[in-house]
Amino acid sequence: MSMALKQVFNKDRTFRPKRKFEPGTQRFEFLLMDWIEVQINNEQIFPTNVGTPFPKTFMQVAKKILSRLFRVFVHVYIHHFDCVSQMGAEAHVNTCYKHFFYFVTEFSLIDHKELEPLKEMTARMCH
């Protein structure tokens with residue numbers, strides 16, 4: 001694990017930066033994606049062998065991952081959507097968000113309070 005990741009991991013391997021990241025920096029997003037990759041590759045959390053049971057903490061970890069991915073959507077929509085539009089990727093990002101939103105709401109994986117930042121946009125796109 002890189003030194004940068006060791007600085008933001010707690011001893012229980014949860015991702016909690018000890019310092020705030022400046023807006024506009026990509027460091028937080030890179031560290032978050034690295035943390036998610038570590039979680040997904042951890043066979044104690046995401047077993048790969050048929051018949052191996054998932055741990056009792058699986059849903060908790062999965063919900064935490066999805067909650068943090070939602071924050072990335074919020075950041076993209078609020079701070080970078082003009083760039084997304086200029087690249088012609090608006091429809092792709094919107095489709096990804098719709099799939100994400102429908103999945104997490106169908107299975108109650110993110111608390112509705114956490115979905116508030118994109119509430120108005122979601123209402124226009126998904127209902």
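Leaving aside its neighbours within four places in sequence, which residues is H75 in contact with? Contact here means heavy atoms within 4.5 Å, and by that cut-off H75 touches E29 and H80.

Before going further, a word on what you're looking at. This is a predicted model, in which local features need pLDDT of at least 70 and side-chain atom pairs count only at pLDDT 80 or more, while totals for chains, interfaces and linings use all residues. Residues are numbered from 1 along each chain as its sequence is written, and side-chain values use heavy atoms, with hydrogens and water left out.

UniProt, in an unreviewed entry, lists H75 and H80 under "binding site"; its positions follow the numbering used here, feature names are shortened, and annotations may be inferred rather than shown by experiment. H75 sits in helix α3, residues 58-79, where helices are DSSP runs (H or I, at least four residues) numbered from the N terminus. H80 belongs to the loop between α3 and α4 (81-86). With a relative accessible area of 31%, H80 is partly exposed; the scale calls a residue buried under 20%, exposed over 50% and partly exposed in between (1.4 Å probe, protein chains only).

Now look at L118, in the loop between α5 and α6. L118 has a relative accessible area of 4%, so it counts as buried. Beyond its neighbours within four places in sequence, L118 contacts F70, F73, V74, Y77 and Y97. Take Y77: it is 41 residues away from L118 along the chain, yet their C-alpha atoms are separated by 8.4 Å.

Helix α5 (residues 90-106) packs on helix α6 (residues 119-126) at about 95°, with the axes 11 Å apart. Axes are lines fitted to C-alpha atoms, for helices over the stretch in contact, and angles run from 0 to 180 degrees between N-to-C directions. That makes the pair roughly perpendicular, the label for 65 to 115 degrees. From α5 come N94, Y97, K98, F101 and Y102, and from α6 M121, T122, M125 and C126.

Confidence is highest in α5, at a mean of 97, and lowest in helix α1 (residues 3-8), at 40. Over residues 1-11 pLDDT stays under 50.

Note on methods. Helix = DSSP H or I, 4+ residues; strand = E, 2+ residues; numbered from the N terminus. Parallel < 35°, antiparallel > 145°, perpendicular 65-115°, else oblique. pLDDT = per-residue confidence, 0-100.
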